[in-house]
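Reader: I am new to this one. Can you take me through it and say what each label rests on?

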Amino acid sequence: MNGLRVSPSPHRSAGLSTAKVMAMVVIALLPAAVMGCIYFGPRAAAVLLVTIASSVVFEALFNIIAKKEQTVSDLSAVVTGLLLGMNLPASVPFYIPVIGSFVAIVIVKQLFGGIGQNFANPAITARIVLMVSFSQMTSWVVPYWYKDGSSAADAVTGATPLAAGWLDNGTAMVSPFTLKQMLLGETGGCIGETCALALIIGGLFLIVTKIISPAAPVAFIGTFGVLTLIYTGSPTMTVYQLLAGGLMIGAFFMATDYATTPLTTSGKIVFGVGCAVITFVIRQFGNYPEGVSFSILLMNLLTPYIDRICRTHPLGAKKPVKKAKEAAQ
């Protein structure tokens, strides 16, 4: 019995380190990132590289200045940089991704204690800061073949599917883009959010490999779809709204962040439903055509309260009796 040791759980390791989890997320994001680079040309690839590189540099420099253990090897800065870059238009000046990386890594992540301690998703928060600060964040680039005889380098600006809305042809409201274009990403928008098919493939990969739980994405996408169908009465418009904007990248890759989303399955469902409701309200009644980023950030702030409400109790455990009740007895 001399070798018996007692320690807190967990007592078994799954052999899945932070670096491995982040590497899986990068793999899941690659299809959408590659499609974005194909559609928007070398400029998109350059924006992604700048964002990733600046995120890694800011994390390394902060650790050096703060005399902390170096954490660049866990790949979390790479994931943050890639997600942020995919949420930017390909036409932004390079200083904007650098500023965004500073906000995400230094302000949102490191100043609150590093990975796992941040109060909100770093990439989402940085995108919102950039969106309300720089007009270039709403200067969209459409795929190069939308301009006859042009190349990717000559891509022109244009409205995103959400900004364009549905057009009145005199008899009925029609979409400016086909559902096939929406699914494949042949529209204007951010680098990594246009190709819904690639994002769905990446999200399913994370679910199958059990990197993320399907609870939040299913609740997010499903609730938003139901609300939109009830409001519009049009299945086609509902699918259009589901494929447009940042809904897919937000549901699969940002509403599933370990540090900023609830721990329990019931909490994840509440989180996803909340994101869907806020997104629906902003898209249908707000001044912004897109509401995914704001919805996830607001629900991030509510995560501690959701965890408290949805926390589980050990089997057979009794709720603590209030002192006043004990005194009365």
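Author: Start with a pair of charged residues. Glu193 and Arg127 are both buried. Keep in mind that this is a predicted model.

Reader: What makes Glu193 and Arg127 a salt bridge?

Author: Their side chains meet at 3.9 Å, N to O. The cut-off is 4 Å between a side-chain nitrogen of Lys or Arg and a carboxyl oxygen of Asp or Glu, so the label applies. The pair links distant parts of the chain, 66 residues apart. Glu193 sits in the loop between helix H7 (179-184) and H8, and Arg127 in helix H5 (residues 122-133).

Reader: How many salt bridges does the structure hold?

Author: Three. Another one joins the side chains of Glu59 and Lys109, at 2.7 Å from N to O.

Reader: Why is the pair of Glu59 and Lys109 said to tie together parts of the chain?

Author: Glu59 is in helix H2 and Lys109 is in helix H4 (residues 95-109), so the pair ties together parts 50 residues apart in sequence. Glu59 and Lys109 are both buried.

Reader: What makes Arg283 and Glu290 a salt bridge?

Author: Their closest N and O atoms are 3.1 Å apart. The limit is 4 Å, so this pair counts.

Reader: Why are Arg283 and Glu290 called buried?

Author: Arg283 has a relative accessible area of 10%. Glu290 has 14% relative accessibility.

Reader: Now the rings. How many aromatic pairs are there?

Author: Six. In one of them, the ring centres of Tyr231 and Phe280 are 5.6 Å apart, with the planes at 85 degrees.

Reader: Which ring pairs with Phe280 at 6.2 Å centre to centre?

Author: That of Phe285. The angle between the planes is 85 degrees, and this pair is edge-to-face as well. Tyr231, Phe280 and Phe285 form one aromatic cluster.

Reader: How do you know whether Tyr231, Phe280 and Phe285 are buried or exposed?

Author: Set each value against the limits. Buried is under 20%, exposed is over 50%, and partly exposed is in between. Phe280 has 9%, so Phe280 is buried. Tyr231 has 43%, so Tyr231 is partly exposed. Phe285 has 54%, so Phe285 is exposed.

Reader: What lies over the face of Phe94?

Author: Arg43 does, at 4.2 Å from the ring centre.

Reader: Which residues touch the most other members of the largest nonpolar core?

Author: Leu83, Met86, Phe220, Phe253 and Ile296, out of 72 residues. Helix H1 (residues 18-40) gives the largest share of this core, 10 residues. There is also a second, separate core of five residues, including Phe58, Phe62, Ile105 and Val106.

Reader: What does Met86 touch?

Author: Beyond its neighbours within four places in sequence, Met86 is in contact with several residues, among them Leu29, Leu48, Cys190 and Ile249. Glu193 is another of these contacts.

Reader: Why is Ala198 called buried?

Author: Its relative accessibility is 5%, under the 20% limit, so Ala198 counts as buried. Ala198 is found in helix H8 (residues 196-208). Leaving aside neighbours within four places, Ala198 touches Pro31, Ala32 and Met35. The C-alpha atoms of Ala198 and Ile249 are separated by 9.7 Å, and the two residues are 51 apart along the chain.

Reader: And Thr51: why is Thr51 called buried?

Author: Thr51 has 0% relative accessibility, so Thr51 counts as buried. Thr51 is in helix H2 (residues 42-65). Not counting residues up to four places away, Thr51 touches Gly81, Leu84, Gly85, Leu88, Pro97 and Ser101.

Reader: What lies 2.7 Å from a polar atom of the Thr51 side chain?

Author: The backbone oxygen of Val47.

Terms used:
Residues are numbered from 1 along each chain as its sequence is written. This is a predicted model: local features need pLDDT of at least 70, side-chain atom pairs count only at pLDDT 80 or more; totals for chains, interfaces and linings use all residues. Side-chain values use heavy atoms; hydrogens and water are left out. Helices (H or I, at least four residues) and strands (E, at least two) are DSSP runs, numbered from the N terminus. Buried means under 20% relative accessible area, exposed over 50%, partly exposed in between (1.4 Å probe, protein chains only). A polar contact is a pair of N or O atoms within 3.5 Å; within protein, one must be able to donate a hydrogen and the other to accept it, and residues adjacent in sequence count only if both atoms are side-chain atoms. Contact means heavy atoms within 4.5 Å. Rings of Phe, Tyr and Trp (its six-membered ring) pair if their centres lie within 6.5 Å; planes under 30 degrees apart count as stacked, over 60 as edge-to-face and the rest as tilted. A charge sits over a ring if NZ of Lys or CZ of Arg is within 6 Å of the ring centre and within 35 degrees of the ring normal. A nonpolar core is a set of buried Ala, Val, Leu, Ile, Met, Phe, Trp, Tyr and Cys residues joined through side-chain atoms within 4.5 Å.
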